[in-house]
Amino acid sequence: MDRPSALIIEDDPDLSFLFSRALESAGFETEIVNAGDAAMMRLLSMVPDIVTLDLNLPGVSGEHILRYIRSDVRMADTKVIIASAYSRLSDALYAEADLVLTKPVNIRQLRDLAMRLVFSAPSSTQSIH
């Protein structure tokens with residue numbers, strides 16, 4: 001069986017590295033994109049199983065990316081984890097994401113929750129602050 005794919009959309013290189021390692025330890029094949037416009041281009045040619053999404057990105061906002069993912073039928077099963085320091089904006093997008101994590105993110109928690117989202121039955125949106 002192929003490993004599930006995770007697209008990490010995060011402009012902080014240290015966080016994107018940590019997110020990548022956490023998701024790889026959970027069995028995901030990871031790819032990092034560090035700008036919103038680059039993420040939009042990448043999403044034209046791939047359908048990730050899970051996306052970790054920062055909201056404050058250069059180029060195109062994370063909010064715009066989230067709405068794009070949700071409007072694209074190819075990504076109907078893609079799980080989106082918002083990871084942002086902006087809790088007010090994150091809360092406003094709560095209904096559109098599968099999970100909302102407020103930075104700083106606990107890496108073990110990210111790994112475990114990502115595994116549950118992709119490898120278990122569908123559940124309702126959750127918010128972890």
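In helix H5 of this predicted model, the residues Leu110, Leu113, Ala114 and Leu117 are buried, where buried means under 20% relative accessible area, exposed over 50%, and partly exposed in between, as found with a 1.4 Å probe on protein chains only. Seen down the axis of H5, the buried residues fall within an arc of 105°, so they line one face of the helix, the arc being that of the directions from the helix axis to the C-beta atoms. On the other side of H5, Arg108 and Arg116 are exposed.

Helix H5 covers residues 107–119, and its 13 residues reach 18 Å from the first C-alpha to the last, close to the 18 Å expected at 1.5 Å a residue; the expected span is 1.5 Å times one less than the number of residues. Helices (H or I, at least four residues) and strands (E, at least two) are DSSP runs, numbered from the N terminus.

A search of the whole structure finds one aromatic pair, formed by Phe28 and Phe119, which is tilted, with 5.6 Å centre to centre and 40° between the planes. Rings of Phe, Tyr and Trp (its six-membered ring) pair if their centres lie within 6.5 Å, and planes under 30 degrees apart count as stacked, over 60 as edge-to-face and the rest as tilted. The pair links distant parts of the chain, 91 residues apart, with Phe28 in the loop between helix H1 (13–25) and strand S2 (29–33) and Phe119 in helix H5. Phe28 is buried at a relative accessible area of 0%, whereas Phe119, at 45%, counts as partly exposed.

Residues are numbered from 1 along each chain as its sequence is written, and side-chain values use heavy atoms, with hydrogens and water left out. In this predicted model, local features need pLDDT of at least 70 and side-chain atom pairs count only at pLDDT 80 or more, while totals for chains, interfaces and linings use all residues.
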